[in-house]
Number of protein chains: 2
Amino acid sequence: MSIIYENTEVRIEIEDSEIPWLKIFTQDQCKEMTDCSAKTKQQIWHLLDVIEGEMLTYFKPEKINIASFANYVPQVHWHIMARFKEDSYYPECMWGKKQREGTAKFASMEGFVRQLLSKLD
Amino acid sequence: MSIIYENTEVRIEIEDSEIPWLKIFTQDQCKEMTDCSAKTKQQIWHLLDVIEGEMLTYFKPEKINIASFANYVPQVHWHIMARFKEDSYYPECMWGKKQREGTAKFASMEGFVRQLLSKLD
């Protein structure tokens with residue numbers, strides 16, 4: 001577990017993956033988004049928007065993918081992923097059928113985290 | 001293609017599936033959410049919230065799943081799905097590995113659409 005940011009509503013973690021992949025968790029126990037406070041929901045929509053924009057600028061991926069499932073652990077969390085034509089699953093989603101041995105190249109995650117944190121309060 | 005609702009920013013379609021599954025498309029050509037107008041983004045966040053709430057009340061599913069990929073057709077669209085323990089993929093996401101022959105039972109989609117539309121302007 002690698003937390004890069006947190007405030008009273010949410011925390012952001014890096015998912016260990018071949019692609020740039022962040023997860024936003026709610027600090028309160030919410031099974032569904034509709035269980036979250038208005039403030040938490042606003043935080044999540046805002047952070048998805050900021051992270052997507054920063055991922056597009058920094059990694060120049062083919063596409064951004066976003067998802068919230070939480071079927072195994074019923075605690076709201078959002079996945080936000082930068083996808084590349086050369087990653088192992090593209091154009092399938094990261095939960096789909098593997099297409100190849102991934103060879104996607106992109107700038108360092110460390111630099112991205114620094115750039116992202118400079119945009120958050 | 002089965003459109004059940006549209007306004008100037010978005011349209012809502014039913015996905016033909018064994019589970020209750022709606023898709024929200026942007027009317028404007030947006031590859032990513034950050035390409036959409038603030039009004040369109042707000043509409044989407046609002047509709048995801050309303051649809052989730054109505055799906056929970058009406059279908060009483062195990063979990064709501066939400067996703068935006070658009071890797072095949074680069075046009076922003078959001079999937080919102082009511083998941084049941086007895087559906088073919090649970091607890092995997094609908095793009096994951098099939099777990100069984102689904103036997104989920106739930107109230108009629110027609111009744112749900114009527115209830116949902118009564119909540120939208």
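Trainee: How are H1(B) and H2(B) oriented to each other?

Mentor: Angles under 35 degrees count as roughly parallel, over 145 as roughly antiparallel, 65 to 115 as roughly perpendicular, and the rest as oblique. Axes are lines fitted to C-alpha atoms, for helices over the stretch in contact, and angles run from 0 to 180 degrees between N-to-C directions. In this predicted model, local features need pLDDT of at least 70 and side-chain atom pairs pLDDT 80 or more, while totals for chains, interfaces and linings use all residues. Here helix H1 (residues 38-59) of chain B packs against helix H2 (residues 109-119) of chain B at about 140 degrees, with axes 10 Å apart. H1(B) and H2(B) are therefore oblique.

Trainee: Which residues make the contact?

Mentor: Contact means C-beta atoms, placed from the backbone, within 7 Å. H1(B) supplies Val50(B), Ile51(B), Glu54(B), Tyr58(B) and Phe59(B), and H2(B) supplies Phe112(B), Gln115(B), Leu116(B) and Lys119(B). Residues are numbered from 1 along each chain as written, with chains lettered from A and ligands numbered from 1 in written order.

Trainee: And how many residues does each chain give where chain B touches chain A?

Mentor: Chain B gives 26 residues and chain A gives 26 residues. On the side of chain B, H1 and strand E4 (63-68) each give two or more. Helices (H or I, at least four residues) and strands (E, at least two) are DSSP runs, numbered from the N terminus.

Trainee: How does strand E4 (residues 63-68) of chain A run relative to E4(B), parallel or antiparallel?

Mentor: Strands pair if DSSP finds at least two bridges between them. Here three bridges join the two E4 strands, which run antiparallel. Ser68(A) stands opposite Ile66(B) in E4(B).

Methods. Contact = placed C-beta atoms within 7 Å.
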